[in-house]
Every structure is written in structure tokens, then in C-alpha cells.
Amino acid sequence: MNKIVPVLTVLAVIVVVWYGAAIKMNSQWTYDQAARAGTEVTFGTLVTDTLAQERPKLPAPHQVVAELWDTTVAKKITSKRSLVFHGWITLSATLLGFGIGTLGGVALAVGIVHNKAMDLGVMPWAIASQTIPILAIAPMIIVVLNSMGISGLIPKAIIAAYLSFFPVVVGMVKGLRAPDQMQLDLMKTYNASGAETFWKLRLPSSMPYLFASLKVGVAAALVGTIVAELPSGATRGLGARLLSGSYYGQTIQIWSALFAAAALAAALVIVVGVFERVVLKKMGMAQ
Amino acid sequence: MKPLYVLLVLAVWLGLWWLNTRFAMRKSTQWVVPVLFGITLILLWEMVVRLFGVSPVILPAPSAIWARLVTSVPILWQDFVQTIFKGALSGYVIGCGAAVLTAVLIDRSPFLQRGLLPIGNFIAALPIVGIAPILVMWFGFDWQSKAAVVVVMVFFPVLVNTVAGLQATDSMQRDLMRTYSASYGQTLLKLRLPAAMPFVFNGLKIATTLALIGAIVAEFFGSPIKGMGFRISTEVGRLNLDMVWAEIAVAAVTGSAFYGLVSLIEKGVTFWHPSQRG
């Protein structure tokens with residue numbers, strides 16, 4: 001509770017600074033127009049004009065909110081100009097990719113924990129892969145799959161899966177190794193088989209680690225999908241909205257797509273967080 | 001002939017796998033395993049491409065990529081300077097410097113910390129690369145806009161980690177400084193900043209990857225006719241995939257080297273921390 005006032009204060013400051021910056025950055029255009037028309041610019045007209053331009057350098061917050069309202073609530077969701085439509089395109093690819101990446105990551109982690117050669121061979125590469133800009137291969141995957149006749153949802157999902165894969169592997173390996181020697185010994189005294197140790201000890205104790213990396217993974221998957229929508233000349237999805245906005249100088253469109261992407265990312269992380277709380281509570285690990 | 005090739009590829013794979021299992025069993029030869037795994041991957045890749053005649057516009061062979069890499073060093077170097085030195089590195093230094101400074105500044109105000117930290121944590125999870133088109137519009141096509149994207153991308157992870165690090169001293173240590181009659185500045189420089197270093201470096205290491213991603217992806221939105229992101233997006237369009245892979249190889253090696261360098265500096269700075277000892 002003691003966080004709400006400071007957070008709101010900081011947000012208010014951001015909005016004020018934003019308005020100030022919008023007036024400052026858009027004033028050039030206003031002065032140019034006035035000079036062409038041969039009129040003087042008073043402070044009043046400067047403010048009203050800079051906050052209501054059609055293609056401002058920096059759109060004012062209320063313009064972005066108006067555009068968001070216009071493209072989410074006012075438009076039919078089947079319309080090509082509806083952000084809900086584009087958001088759904090992005091979300092579906094993100095979720096599919098995230099699902100594939102998570103399943104693959106968990107499977108590889110199980111293999112790594114149970115096989116010494118895989119552990120020694122794969123793990124250093126999985127860790128090293130976190131330090132390289134994997135996102136750079138996105139355009140290539142899109143184009144290559146396109147030339148093989150696969151387009152639309154699948155290539156984007158593959159990139160999203162690829163990005164969410166490695167955080168899940170690394171986190172899950174850590175989680176499956178979380179039980180200490182004492183607990184493993186206890187399982188041994190119960191004469192538990194490898195499978196029983198896995199299902200009853202390793203898997204439950206890996207859950208906190210899994211959810212921590214799922215949060216990272218789902219955010220990464222969304223970034224992957226958005227970037228994947230850039231190079232293909234795609235016309236659908238939030239990434240395509242960003243790109244077409246930047247081609248045609250539609251700054252308000254870029255900002256509203258950006259806010260939609262931010263809202264989507266926040267919603268995804270929150271949903272994973274809710275799952276985490278419910279699952280951990282059911283398993284008696286709630287903090 | 002095709003089934004024979006499949007068998008051949010499988011045989012090589014299983015053979016190397018068996019070899020790796022043998023190496024994994026003895027402590028003295030364990031370092032061989034990851035190397036052999038990498039070699040196996042490249043070998044299988046080369047075999048599959050050659051034996052099955054995979055078209056180079058789908059997947060070029062490692063040998064072809066290497067040949068392209070060696071023959072186009074000047075272009076790769078030019079792109080490297082444009083993207084890494086001018087875009088990523090300058091943005092990284094500015095962004096991380098600004099983040100650490102901001103953390104120190106807001107450190108005295110619990111109010112600002114409580115306000116900024118949740119927002120910083122929230123922003124760190126957002127798809128920040130999306131601001132690239134806006135910053136390209138503001139700062140032009142050249143490296144300045146890429147550096148700006150990198151600044152925004154690295155700022156929040158480093159800020160959040162540094163603020164956490166500045167709180168890492170316990171009251172006993174701060175009380176000791178007080179009994180020495182140390183001023184705020186002395187306490188900051190001699191106790192709290194050194195104690196924060198493991199956290200700061202955690203943020204700095206996360207930021208290395210983000211810096212490269214930001215610099216490369218920002219070039220997809222417009223750049224002068226050089227730069228790694230520019231090269232990747234245009235050569236993909238011309239189906240010169242060997243060149244794309246060469247750029248990716250450079251990016252991968254650079255990313256690992258950058259991360260390794262920061263880890264080395266970390267080792268030197270935080271030699272006292274338990275994670276660095278032994």
C-alpha cells in the first residue's frame with residue numbers, strides 16, 4: 001500500500017514531462033507554419049497547436065489515448081485498423097511459440113539432468129547462447145521458411161519458441177538440481193526409483209525456478225514475435241503496425257502500437273504470475 | 001542412395017555420441033565434451049547439406065559460411081565498427097553510466113525508490129525494442145539513433161540491480177562507518193558502492209546482450225548502408241544466406257566476448273565475493 005502514492009507521483013511527473021517535451025519537440029513545425037503564413041505565434045496557440053498535430057514528432061499522451069480508444073473500442077475487432085485484431089495476431093503467435101519453447105526447454109532440461117554427457121555437452125552452449133543476440137536470425141528464419149512455402153503464424157511462433165527456449169532450459173536445470181543431497185538420500189532410503197524421485201521430488205522442487213524463467217521466457221517470446229513481424233513485409237500484427245507507422249510517419253500509430261505491446265507484455269507476465277501463485281499455493285510452497 | 005546417406009549421418013552422430021559419453025565419464029577428459037558436441041553439430045550440418053544437396057538459399061554449409069567470412073572481412077569489419085563500436089558500445093556506456101548515477105541519486109530518497117522501482121521493474125519486462133522506429137525518427141538513420149535505443153534498453157535492468165545493490169549492506173556495517181564518523185560520501189564510496197558491485201555487474205552482464213540486440217534490431221528500421229542489422233536484412237532479401245550467417249557468427253562471437261570481458265572485469269572488482277572465490 002505504501003507504494004501507491006510514490007508510484008502515482010512518479011507517473012504524474014512522467015506525464016507532465018511528456019507534455020512539456022511534446023510542446024518543445026513539436027514547436028518547430030508550428031513556428032514553420034506560422035512563418036509561412038506570416039503570423040506571430042503566441043504561447044496559447046503554440047500549446048494548442050503542438051498538442052493537436054496530425055503527425056507530431058512526439059504525440060501528446062491524450063492523443064495516444066484517443067488513438068488507443070479509437071482503435072480498440074470504437075472499431076470492430078475484425079477491422080484491419082483495430083489494434084485488438086493486430087494484438088490477437090501477435091498474441092496467438094507468441095502463445096504458440098511460448099508453448100513450444102517451454103515444452104522443449106523442459107524436455108531438454110530433464111535430459112540434461114539425467115544424462116551426464118548431455119549435461120557436459122549441451123549446458124555450456126545453452127548458457128553461451130544467452131549471451132548472443134539470437135534475435136538477429138529472425139529475418140532469415142522468416143524468409144527461408146517463406147521460400148519453403150511456410151508463412152503466417154508458424155515462422156513467428158518458431159522465433160518466439162527459440163527465444164523462450166533457453167531461459168527455460170537454464171532455469172529448469174537449476175530447479176531440477178535444487179533438491180539437496182539429504183533429500184535425495186531420503187528418497188534412496190525409501191527405495192524410490194529414478195522416475196519416482198523425478199516426479200515426487202525433483203519436479204515439485206523445480207516449480208519456483210520454472211515460473212521465474214517462464215516470466216522471462218514469455219516476455220522474450222513477445223519481443224521475438226514483434227521483431228519477427230518486421231522484416232517479412234507483414235501487414236498484420238503489432239510489429240507490422242510499428243513498421244508501417246514508421247514508413248508513413250504516423251507517429252500516433254507507432255505509439256499506440258507500442259502501448260498495446262506493453263499492455264500485452266504486462267498482461268502475459270501477470271497471468272504467469274497468477275498461475276505461479278495458484279500452483280505454488282496448491283503445492284504448499286506459497287511464500 | 002538416400003537411405004544410405006541417412007544411415008551414414010546417423011552412424012556419425014551415434015559414434016560421436018558414444019565417444020562423448022566415454023569422455024564424460026572421466027574427470028580429466030570432461031573439458032572435451034562441449035567442444036566435441038560443437039564439432040558434432042557442425043559436422044552433421046555440413047554432412048546433411050552436402051549429402052542431401054540442400055539449396056544454399058535455405059541452409060548454406062558451414063564451410064561455405066567460413067569461406068564467405070574469410071573473403072569479406074573488410075565489409076564485416078565496417079559493419080562491426082558501425083554497429084558494435086558506434087551503436088552498441090557508446091549506448092552501453094551512456095546507458096549504464098546514467099543508470100548507476102540515477103541509482104545513486106535516488107538512493108537518498110526512499111520515496112523516489114518506492115516510486116521508481118516498480119515502474120523500472122515493469123519497464124524492464126516490456127518489449128522496449130519497439131521504440132526503435134521512434135528513436136530512428138528523432139535521431140536520424142546513423143548510429144546515434146541506435147545508441148539511443150541501446151541507452152533505453154540497458155538503463156532499467158542496470159538501474160534496478162544497482163538500487164538493489166546499494167541496499168545490500170547491513171546495518172551493522174553502516175553503524176561501523178558511523179562510529180568512524182564517516183560522511184555520506186565516504187560511506188558511499190568505501191562501503192556501499194563496493195558492496196553493490198556484485199549486483200551492478202549482474203545488471204551489466206544482462207545489458208551486454210540487450211545492447212547488441214538493440215543495436216542490430218534498430219537497424220532493421222533504417223540505417224546508412226552499413227551495419228550488421230542492415231546487412232542481415234538486405235542480404236536476406238537477396239538470398240545471400242552465407243553472408244547472413246557470417247554476420248550472425250560475428251554477432252555471436254562478439255556477444256560472448258563482450259559478456260566474457262564484463263565477467264573478467266567483475267572478477268577483478270568483486271574478488272572478495274563468495275561467488276568469485278575458490
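Predicted model: local features only at pLDDT ≥ 70, side-chain atom pairs only at ≥ 80, totals over all residues.
**Domains of chain A**

In the domain assignment, chain A is divided into domain 1, residues 4-58, and domain 2, residues 83-282. A distance of 40 Å separates the C-alpha centres of domain 1 and domain 2 of chain A.

**Contact between the chains**

On the side of chain A, 45 residues are in contact with 47 residues of chain B. Helices of chain A that each supply at least two residues to this side are α1 (4-37), α5 (116-128), α6 (138-147), α9 (194-228), α10 (238-247) and α11 (251-282). The largest share comes from α5(A), with 8 residues. Sorted by class, the side of chain A that touches chain B holds 34 nonpolar, 8 polar and 3 charged residues.

**Two helix pairs**

Two packed helices are described by the angle between their axes and the distance between the axes. The table gives these values for one pair in each chain.

| Helix pair | Axes come within | Crossing angle |
|---|---|---|
| α5(A) and α7(A) | 9 Å | roughly 125 degrees |
| α3(B) and α11(B) | 8 Å | roughly 75 degrees |

In chain A, helix α5 also belongs to the side that touches chain B, and its partner α7(A) covers residues 153-176. Angles of 65 to 115 degrees count as roughly perpendicular; with a crossing at roughly 125 degrees, α5(A) and α7(A) are therefore oblique to each other. Their crossing is left-handed. From α5(A), the residues Met123(A), Ala126(A) and Ile127(A) meet Phe166(A), Val169(A), Val170(A) and Val173(A) of α7(A). This contact has 7 nonpolar residues, no polar and no charged ones.

In chain B, helix α3 spans residues 62-71 and helix α11 spans residues 241-269, and the axes cross at roughly 75 degrees. That angle makes α3(B) roughly perpendicular to α11(B). The residues on the α3(B) side are Ala64(B), Ile65(B), Arg68(B) and Leu69(B), which meet Asp242(B), Met243(B), Trp245(B), Ala246(B) and Ala249(B) of α11(B). By class, the contact of α3(B) with α11(B) has 7 nonpolar, no polar and 2 charged residues.

**Gln183(A)**

Gln183(A) lies in helix α8 of chain A, residues 181-189. Gln183(A) counts as partly exposed because it has 14 C-beta neighbours inside 10 Å, whereas a buried residue would need 20 or more and an exposed one 12 or fewer. Between Gln183(A) and Tyr248(A), which are 65 residues apart along the chain, the C-alpha separation is 62 Å.

Terms used. Residues numbered from 1 in each chain as written. Chains lettered and ligands numbered in written order. Axes fitted to C-alpha atoms, helices over the stretch in contact; angles between N-to-C directions. Helix = DSSP H or I, 4+ residues; strand = E, 2+ residues; numbered from the N terminus. Parallel < 35°, antiparallel > 145°, perpendicular 65-115°, else oblique. Contact = placed C-beta atoms within 7 Å. Nonpolar A, V, L, I, M, F, W, Y, C, P; charged D, E, K, R; others polar. Domains from an automatic or database assignment. Left-handed = near helix turned anticlockwise from the far one by under 90°.
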